Amino acid sequence: MISLLDPPSAGTPSGLVSQVEEIFSPAGLLSKSRNFEYRPQQQQMAVAVARALEAGENLIVEAGTGVGKSLAYLIPSILFAVARRKKAIISTHTINLQEQLIQKDLPMLAQILQVKFQFTMLKGRHNYLCTRRLAKVRQQGEHLFTSPDMQELERVEEWSHKTEDGSLSDFENEPPPNVWQQVCSERGLCSPRQCGHGSDFVKNGGRTCFYQRARSDMLAADVLVLNHTLFFTLLGSQEEEPKGGVLLKNDFVIFDEAHTVERVASGHIGIGVSNAQVRFGLQRLWHPKTKKGLLTVLRRGKEKLVEDALDEAEKFFAAIEHACEQIANPSDSERPMRRWGEVRVRHCDLAPDNLTLSIQRVREEVSALIKTLNDKDTAQELAECNRRLEELRAEIAVFLSQGAPDHVYWVERTGKTQRNLTLHAAPINVADYLRERLFETETSVVMTSATLAVAVSPEHPKAPKAAAKAPPLHYFARQVGGEKANLVQAGSPFDYERQMKIFVAGKMPDPRESGYQESLIHWIEHFIRLTHGKAFVLFTNFKLMLEVGQIMEPFFDELGVECFVQGTGTPRSLMLEKFKLDVNSVLFGADSFLAGGGCARRVPFQRHHYAPAVCRAGPPVDRSAPGSHRSAGRQCIYGILAAGGDFEIPAGHWKIDPGQD
């Protein structure tokens with residue numbers, strides 16, 4: 001039985017530190033497991049986490065592939081949380097790692113630690129059904145939905161009596177978004193007072209809202225697991241900072257996959273408003289084609305204002321797209337026309353503002369309607385619509401005026417038909433925000449990943465002298481505002497010089513050029529023939545992955561090798577299991593597959609940049625700006641890297657084999 005933090009004797013390590021050190025020792029508690037292998041790097045990391053928690057300090061720790069990071073932070077976190085009656089918040093970037101923690105690591109620790117603790121995974125509130133909203137919508141359904149959507153609403157009602165957790169993940173086939181948005185939990189419409197256990201709704205025979213049930217589980221848990229996106233959404237929505245914590249009172253935070261924190265935080269601190277969001281916000285009030293919406297319930301004849309605003313929104317985003325086309329393909333350019341996905345906007349007034357006034361007129365009429373209503377529930381629904389429309393209006397105004405200082409602005413075009421337009425603005429540097437909201441709070445923050453360090457060679461002609469002398473973790477710490485955190489590099493149990501080779505395809509065209517896909521297929525075939533399969537091909541572009549997978553089907557048939565492609569119908573977990581069992585098989589996966597380990601054999605990377613300052617999926621910060629640089633690579637076990645473009649590989653990680661060029 002592991003006791004709870006006996007007080008240390010004078011001159012000895014703290015109770016938690018010595019306890020954790022013993023657990024991870026060659027003869028410690030974990031050694032009783034058949035699969036245990038003593039790893040000094042894992043013990044070093046676990047002790048560093050324990051020491052930081054005990055001292056109330058911050059820690060940034062890099063632990064290479066194979067260390068076993070999750071146990072190294074979970075065990076000290078659980079012991080500390082239970083002993084001090086605190087909450088351990090574990091934030092990850094990928095669903096793979098969340099599933100590993102919730103389904104494997106935490107249940108296993110609940111059995112062997114013999115310290116009673118509760119854990120749960122926290123999802124965004126929009127994932128949960130609000131039973132009070134469902135009951136209200138069923139009364140108004142004919143005014144809100146078409147007949148097919150009414151059938152979907154009935155399906156949701158039937159499902160609500162069978163589901164265990166009331167979240168979208170419990171559906172075999174999810175309902176349409178326009179139906180779910182009317183019945184899910186929303187801020188301002190779902191609270192303990194409105195639909196919790198002691199609410200009038202429940203006292204009058206209603207069922208407790210599923211989100212409020214999940215909230216109760218969260219408040220009772222010692223360990224909360226959530227993703228970075230939800231973490232920063234919750235952090236940004238706080239009206240006041242909790243005492244002694246970051247998200248909750250008396251919590252502490254562990255960020256795994258911390259190399260993505262800067263990018264995710266930047267996206268949530270900034271602005272993101274799309275044509276789909278504007279369209280949905282207005283159509284929630286009135287949909288001209290279906291003649292349905294909240295205004296239909298009231299029958300007050302204000303629908304024309306909404307129709308006008310929808311027309312103006314269509315014209316506005318068409319003008320935005322046209323302006324971006326001119327930026328991407330200027331008339332005086334000799335370059336061939338290119339299809340753009342992101343366009344950097346360097347000047348204000350990208351398009352005339354014909355939209356914000358139309359939205360404001362709708363808001364004013366809705367506000368006047370609310371004052372005349374006796375139906376409190378409908379009034380709250382309209383107020384929530386108004387709140388969201390004001391957010392969209394304000395974000396559009398800021399984007400057009402470029403009114404947020406020290407931000408970068410760009411337009412993104414996505415979707416199968418490339419018709420989804422999103423206006424973005426993100427701070428160039430998030431360090432000040434993260435320093436204040438994370439590292440300067442009255443609790444501990446730990447950030448860890450296998451890929452955090454950046455080493456600058458003193459021989460590099462452009463390397464500043466100060467940068468060349470800085471510790472490898474200093475750059476990352478500065479970028480996230482953790483300059484005063486303790487910095488630890490635990491290394492890796494793998495012998496990289498003996499266990500891996502890297503081949504760099506140095507003649508890859510730019511991904512925007514027409515010959516890129518053909519060249520990519522050539523090199524993938526080249527390496528797979530060398531190894532007769534046994535490859536995990538990692539893509540950062542999902543569409544390209546599907547296209548390449550389809551084109552290469554005859555190649556794999558000829559080779560007699562099974563190729564699994566993510567996103568083609570087979571569940572990810574089942575696909576990964578088949579890949580492990582068939583030693584010669586090949587797996588095409590998106591970058592989320594890399595998290596959690598356990599599947600790497602030979603890993604060709606498709607233009608995979610792990611860039612501390614410039615990330616392909618993040619804001620397009622000017623690469624010529626001071627301090628910006630690119631870095632690709634990092635760690636892949638038994639790996640092959642096939643990448644295009646210029647890049648740097650962090651010193652000390654890899655020995656390069658010239659291979660093929």
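What follows is a conversation about a helix, a serine in a loop and several salt bridges.

Biologist: Before we start, what kind of model is this?

Modeller: This is a predicted model, so please keep that in mind throughout.

Biologist: Okay, which residues of helix H10 are buried?

Modeller: Helix H10 spans residues 210-220, and its buried residues are Phe-210, Tyr-211, Gln-212, Ala-214 and Met-218.

Biologist: And what covers them?

Modeller: The cover over the buried residues of H10 includes helices as well as strands: among them are helix H5 (131-144), helix H6 (147-160) and helix H8 (192-195), together with strand S2 (87-92), strand S3 (119-121) and strand S4 (223-227).

Biologist: Switching topic, where is Ser-492?

Modeller: Ser-492 sits in the loop that runs between strand S11 (486-491) and helix H21 (496-499).

Biologist: Is Ser-492 buried or exposed, and why?

Modeller: Ser-492 counts as buried because its relative accessible area is 16%, and buried means under 20%.

Biologist: What does its side chain reach?

Modeller: The side chain of Ser-492 reaches the backbone oxygen of Thr-65 at 2.8 Å, and a polar atom of that side chain also lies 3.2 Å from the backbone nitrogen of Phe-494. Leaving aside residues up to four places away in sequence, Ser-492 touches Gln-41, Gly-64, Thr-65 and Val-67.

Biologist: Now salt bridges: how many are there?

Modeller: The structure holds 26 salt bridges, and one of them joins the side chains of Lys-136 and Asp-375, at 2.9 Å from N to O.

Biologist: Which parts does that pair tie together?

Modeller: Lys-136 lies in helix H5, whereas Asp-375 lies in the loop between helix H16 (356-372) and helix H17 (376-401), so the pair ties together parts that are 239 residues apart in sequence. Lys-136 counts as buried at 17% relative accessibility, while Asp-375, at 29%, counts as partly exposed.

Biologist: What about Glu-186 and Arg-284?

Modeller: Their side chains meet in a salt bridge at 3.1 Å, N to O. This pair also links distant parts of the chain, with Glu-186 in the loop between helix H7 (177-183) and H8, and Arg-284, 98 residues apart from it, in the loop between helix H13 (275-283) and helix H14 (294-298). Both Glu-186 and Arg-284 are buried.

Biologist: Last one: which residues form a network of salt bridges?

Modeller: Arg-187, Glu-384, Arg-387, Arg-388 and Glu-391 are linked in such a network. Within helix H17, Arg-387 and Glu-391 are four residues apart, about one turn of the helix, and their side chains meet at 2.5 Å, N to O.

How values were computed
Residues numbered from 1 in each chain as written. Predicted model: local features only at pLDDT ≥ 70, side-chain atom pairs only at ≥ 80, totals over all residues. Heavy atoms only, no water. Buried < 20%, exposed > 50% of the residue type's maximum accessible area, 1.4 Å probe, protein only. Helix = DSSP H or I, 4+ residues; strand = E, 2+ residues; numbered from the N terminus. Contact = heavy atoms within 4.5 Å. Polar contact = N/O pair within 3.5 Å; in protein donor to acceptor, adjacent residues only side chain to side chain. Salt bridge = Lys/Arg side-chain N within 4 Å of Asp/Glu carboxyl O.
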